[in-house]
Amino acid sequence: MNSEDNLIVDAAVRIFQDMVVPSLINEAEAGVWPSALWETLEENGLTLAWGSDALGGAGIAMGDGFALLKEAGRHSVPVPLAETMLAAWLLGNAGIEFPMGPMTIAPTQINTKIKVGADGALTGTARYVPFARRTEHVAVLANSDAGKVIALVRTADCAIRENQSIAGEPADEVSFDGVKPTKSVRAPEGFDEQALFAMGAAIRSVQIAGGLQKILDQSVQYSVERSQFGRPIAKFQAIQHGLAQLAGEAAAAGAAADAAAEAMAATNGLGMIARAEVAAAKTRTGEAATIGTAIAHQTHGAMGFTYEHSLHHATRRLWAWRDEFGNESYWAIELGRMVAAEGADMLWPFVTGKE
Amino acid sequence: MAAGGFRFPRIDFSPELKALQQEVRAFLASERASGGFKPVADGWAFGVDLEFSRKLGKRGWLGMTWPKQYGGHERSSMERYVVTEELLAAGAPVSAHWVADRQSGPMLLKNGTEQQKLDILPRIAAGECYFAIGMSEPDSGSDLASLRTTATKVEGGWKINGRKIWSSGAHFCHYMIATVRTGGTRDEKNRHEGLSQFLIDLKGPGIQIRGIRNMAGDEHFNETVFDDAFVAEDCLLGKEGEGWHQVTSELGLERSGPERFLSSAITLTEAVRRMGENPDAREAEALGKNVARLKAMRRMSLGVSALLQEGESPVVEAALVKDLGTKFESTLLNDVRQLMPTEALGQSTDDYARTLAEGLLRVPSSTIRGGTNEVLRGIVARQLGLR
């Protein structure tokens, strides 16, 4: 990462620190759209980070985009920044120009298929579309008789049934029946739901790594400030060992997520090597989220179980993210099959990375 | 605030490193195919094969980073990393020379006399000279500074009295680097100050080595008893009273390598051989989870090496990797065991069943040797600002 790229991430961190305070996250969950935050992100060119300049994007390198999303994950940013970046990446694969405003993507579940008919109209319903009700456009991967199609759809044209994830963020059901996209272009050869799903999993992996850093920071701080039995609970060995393990899980998640981000950046999010890295990252970060959130909550005691305390901003998101775009089990099976197909003697070369 | 500030910098393999990696892989594949070695669980701690150690010496894969004048090869620490991780992943029997190559040689290079360096280092690099660790004692495990063994100044040298325990391979090793007390007592507040390190020839007078059989049946570690054992003046390594500082840096070398997460990797490889190319979902899931863990561990371990190469002393990062890595070594065996259970030992027909059984019986040592996970978590907790 060069200094210029650090500036982008630094700028994002400053915005997150200034604006994404606990009250804003709570208000967002209650249904208040944080428009000032979104506008600031948009003005700074962060929402279209992954769009090429030619298509109206900010043209930020993919690796730096992942670094940005790790920070967004760390700060529980309650707007569809990741989803808009993912949508821009999807549209970019078909050379479709980006609209401003929040976007999301569909489908987000592996067995969902959106179809596009001969008349150009879509059919199909996608569940668990993050932030759909808050977006202006949905980038859709659809199936025509001639192959995969990437389409840009106005959210207002779709029927939306509101729902929410366990993180308290919109996870809406979107029906595309009869909707005509504003643009629709054949997807590049070989591009399919699996590719979209893998990119989504890579994004969730870096968000998880960021979220784990957050709950480590919060837990360390809480344990130093909270006194019981006449001393800060940080002085108890049981607490120290728990937090040391949380630190290990956070570091492992960071390592796994960074490996996936680098592999995706090197291949623009496509290809089997990157897919293996993403499978490993989503598996390992999901595991770390499970272990890490349990330790963080145990350290915070009943306080961390209240709505008033902000710990749940990160922990509920970690629980949602570990299941989105394939959970640990899904990706472990994928990865295990990839490894087994190569054979026993290729296991270690697989681990060290194929050149 | 980012708690701990842990850093695991990324390392890119140069074409030279990749070529070396391929060279070691080809060597190991051909050795295994020709019966040059049989893969062992925990091969760096339990796989003693003097012939194999000598072969590695001939290849130039021991003492790799040392100056040529002492038999070394003046290669980078990353080149050494690449060779060691390949040996570990293959379950090669590298235990005989492991301690000498990893910590005793570097220790001598730093603190030995010119004569000692010229005499001993080339033999280590040839795979012919082996070292035992002399840290723990019957009453001093995790609390190393409480050790009792003493060295007393006498005419022309020192007399050593006391007992060292868990000295792996002392029965075939040539030397031990022992940390002993030259001043103060174990009960004093400044007890760290009275420690010094000595190079001890295990064939010397007043030394008795008694084997301690472990629960896996291995005749592996020992109790080494010193009864007025005389060592010459120049066997004091470094400075008198600097032993604590020296042993801490020796432990840094001991804790930071890839052996702290790769001890059971060979069993995962052999599990894949049994599963075949089309595992069922249960098998694929267990395999995938462990490969995911392994990949993350390796990246962190490479990060520790990067810090070492940058000249830093990544004590805390190494502690973190060793805590996670040794737990992983155990989890891996338990995950594959549930897919393909242990077999009666006499019927262990393939390398999977054999390395699984060996591994399960040896793995309780992983989370203890070189610093218990409790001690390591204490180190991490201090960095987090908790103590």
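In the predicted model described here, strand β4 of chain A is joined by four bridges to strand β8 (residues 171-175) of chain A, and the two run antiparallel. Helices (H or I, at least four residues) and strands (E, at least two) are DSSP runs, numbered from the N terminus. Two strands are taken to pair if DSSP finds at least two bridges between them. Residues are numbered from 1 along each chain as its sequence is written, while chains are lettered from A and ligands numbered from 1 in the order in which they are written. Since the model is predicted, local features need pLDDT of at least 70 and side-chain atom pairs count only at pLDDT 80 or more, whereas totals for chains, interfaces and linings use all residues.

Within β8(A), Ala171(A) is the bridge partner of Pro130(A). Strand β7 (residues 159-161) of chain A is also antiparallel to β8(A), with three bridges between them. Ile160(A) has Val174(A) in β8(A) as its bridge partner, and Arg161(A) has Glu173(A) in β8(A) as its bridge partner. Together, three strands of chain A form an open sheet in the order β4-β8-β7, with antiparallel pairing. In this sheet, β4 and β7 of chain A stand at the edges with a single partner strand each, so one side of each is left without a neighbour in the sheet. From one strand to the next, the twist averages 30°; axes are lines fitted to C-alpha atoms, for helices over the stretch in contact, and angles run from 0 to 180 degrees between N-to-C directions. In a regular strand the side chains alternate between the two faces of the sheet.

Tyr128(A) lies in strand β4 (residues 125-130) of chain A. The phi of Tyr128(A) is near 55°, a positive value in a residue other than glycine. Tyr128(A) counts as buried, because it has 21 C-beta neighbours inside 10 Å. A residue is buried if 20 or more other C-beta atoms lie within 10 Å of its own, exposed if 12 or fewer, and partly exposed in between, with C-beta atoms placed from the backbone. In chain B, Asp228(B) is not a glycine but has a positive phi of about 50°. Asp228(B) lies in strand β7 (residues 219-232) of chain B, and it is exposed, with 12 other C-beta atoms within 10 Å. A cis peptide bond, with omega about -5°, joins Ala106(A) and Pro107(A). Pro107(A) is found in the loop between β1 (103-106) and β2 (114-116) of chain A.

For chain A as a whole, the secondary structure comes to eleven helices and eleven strands. Its radius of gyration is 20 Å, close to the 20 Å that the globule rule gives for 355 residues, so chain A is as compact as a globular protein of that length. The radius of gyration is taken over C-alpha atoms, and the globule rule is 2.2 Å times the number of residues to the power 0.38. Along the principal axes, the C-alpha atoms of chain A fill a box of roughly 75 × 55 × 40 Å. Of the 355 residues of chain A, 57% count as buried. Two residues are in contact if their C-beta atoms, placed from the backbone, lie within 7 Å. Among contacts in chain A between residues at least 6 apart in sequence, 72% join residues at least 24 apart.

Chain B is divided into domain 1 (10-130), domain 2 (133-244) and domain 3 (247-383), with bounds that come from an automatic or database domain assignment. The centres of domain 1 and domain 2 of chain B, taken over C-alpha atoms, are separated by 26 Å. In chain B, 14 residues of domain 1 are in contact with 13 residues of domain 2. On the side of domain 1 that touches domain 2, the elements giving two or more residues are α2 (43-46) and α5 (95-111) of chain B. Of these, α5(B) gives the most, with six residues. By class, this side of domain 1 of chain B has eight nonpolar, six polar and no charged residues. Here Ala, Val, Leu, Ile, Met, Phe, Trp, Tyr, Cys and Pro count as nonpolar, Asp, Glu, Lys and Arg as charged, and the others, Gly among them, as polar.

Between the chains, 44 residues of chain B are in contact with 41 residues of chain A. At least two residues of the side of chain B that touches chain A come from each of α8 (265-275), α9 (281-309), α10 (315-339) and α12 (373-383) of chain B. α9(B) gives the most to this side, with 16 residues. By class, the side of chain B that touches chain A has 24 nonpolar, five polar and 15 charged residues.
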